[in-house]
Amino acid sequence: MGFDEEWSRLRAEAAERAASGAAIPSAVVMAPAPVEADPLEEAREAARERLADFRGRVVLVPLDEAGGLWTTQLGGLDWIYAFCDEDALARFAEARGEAEQEWTYRRGLGARLLDEVVPALDFPCGVALNAAGPDGVVFPPVRGIVPDAVALDGEVAA
């Protein structure tokens, strides 16, 4: 029996079962064995999703006394502070004991911070998003986050 004949026979049997309301044989409805999830790959995917979300998001970046982007140094790197909204910025101010102070900030696209601002600096710098919040995350100056030319593990660094 050829493929076309076999396929026709299987289709006819399935149509007959559907018309008669007969149960589908258990061999047909068996689910494949579950695939073990790789926790490392799941973490990588979550990081990629968080980065994509940040790149497309308008963020608030506090300004320092001189009107520049407010940064801090931690672990030998400078970090630009960015916040998803005014509530996140307020939590940060409260954690610093500076909730009563007026906070001047600029709005900007996360992608612009990573692709234009960080490369324009003359020192390695990353972005700290929602510092002092439960959803805080850092985007270090490495390949895949900032342009390779300014990444600490990029072509220039090598």
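The structure is a predicted model, in which local features require pLDDT of at least 70 and side-chain atom pairs count only at pLDDT 80 or more, whereas totals for chains, interfaces and linings use all residues. Residues are numbered from 1 along each chain as its sequence is written, and side-chain values use heavy atoms, with hydrogens and water left out.

The side chain of Asp 53 forms a salt bridge with that of Arg 57, at an N to O distance of 3.1 Å; the term denotes a side-chain nitrogen of Lys or Arg within 4 Å of a carboxyl oxygen of Asp or Glu. Arg 57 is likewise partly exposed, at 29% relative accessibility. Side chains of opposite charge can pair when their charged atoms come close. Eight salt bridges are counted by this rule. One of them joins Arg 48 to Glu 41 at 2.6 Å, N to O. Both partners are partly exposed, Arg 48 with a relative accessible area of 42% and Glu 41 with one of 34%. Arg 48 and Glu 41 also belong to a network of salt bridges that includes Arg 44 and Glu 45. A further salt bridge connects the side chains of Asp 153 and Arg 143, at 3.5 Å, N to O. These two residues, 10 residues apart, are both located in the segment after strand 6 (137-139). The relative accessible area is 36% for Asp 153, which is partly exposed, and 49% for Arg 143, which is also partly exposed.

Helix 3 (residues 39-55) packs against helix 5 (residues 110-120) at an angle of about 90°, and the axes are 5 Å apart. Helices are DSSP runs of H or I with at least four residues, strands are runs of E with at least two, and both are numbered from the N terminus. Axes are lines fitted to C-alpha atoms, for helices over the stretch in contact, with angles from 0 to 180 degrees between N-to-C directions. Helix 3 and helix 5 are therefore roughly perpendicular, the class that covers 65 to 115 degrees. Leu 51, Phe 54 and Arg 55 of helix 3 meet Gly 110, Ala 111, Leu 113, Leu 114 and Asp 115 of helix 5, where contact means heavy atoms within 4.5 Å.

Eight aromatic pairs are found in the whole structure. Rings of Phe, Tyr and Trp (its six-membered ring) pair if their centres lie within 6.5 Å, and planes under 30 degrees apart count as stacked, over 60 as edge-to-face and the rest as tilted. Phe 83 and Phe 92 form a tilted pair, with 5.1 Å from centre to centre and 45° between the planes. Phe 83 and Phe 92 are both buried. The pair of Phe 92 and Trp 103 is edge-to-face, because the planes stand at 75°, with ring centres 5.9 Å apart. Since Phe 92 lies in helix 4 (residues 86-95) and Trp 103 in the loop between helix 4 and strand 4 (105-109), this pair ties together parts that are 11 residues apart in sequence. Trp 103 is buried, as is Phe 92. One aromatic cluster comprises Trp 70, Tyr 81, Phe 83, Phe 92 and Trp 103.

Thr 72 is located in strand 2 (residues 71-74) and is partly exposed, at 29% relative accessibility. Leaving aside residues up to four places away in sequence, Thr 72 touches Leu 77, Asp 78, Trp 79 and Tyr 81.

How values were computed. Buried means under 20% relative accessible area, exposed over 50%, partly exposed in between (1.4 Å probe, protein chains only). Angles under 35 degrees count as roughly parallel, over 145 as roughly antiparallel, 65 to 115 as roughly perpendicular and the rest as oblique.
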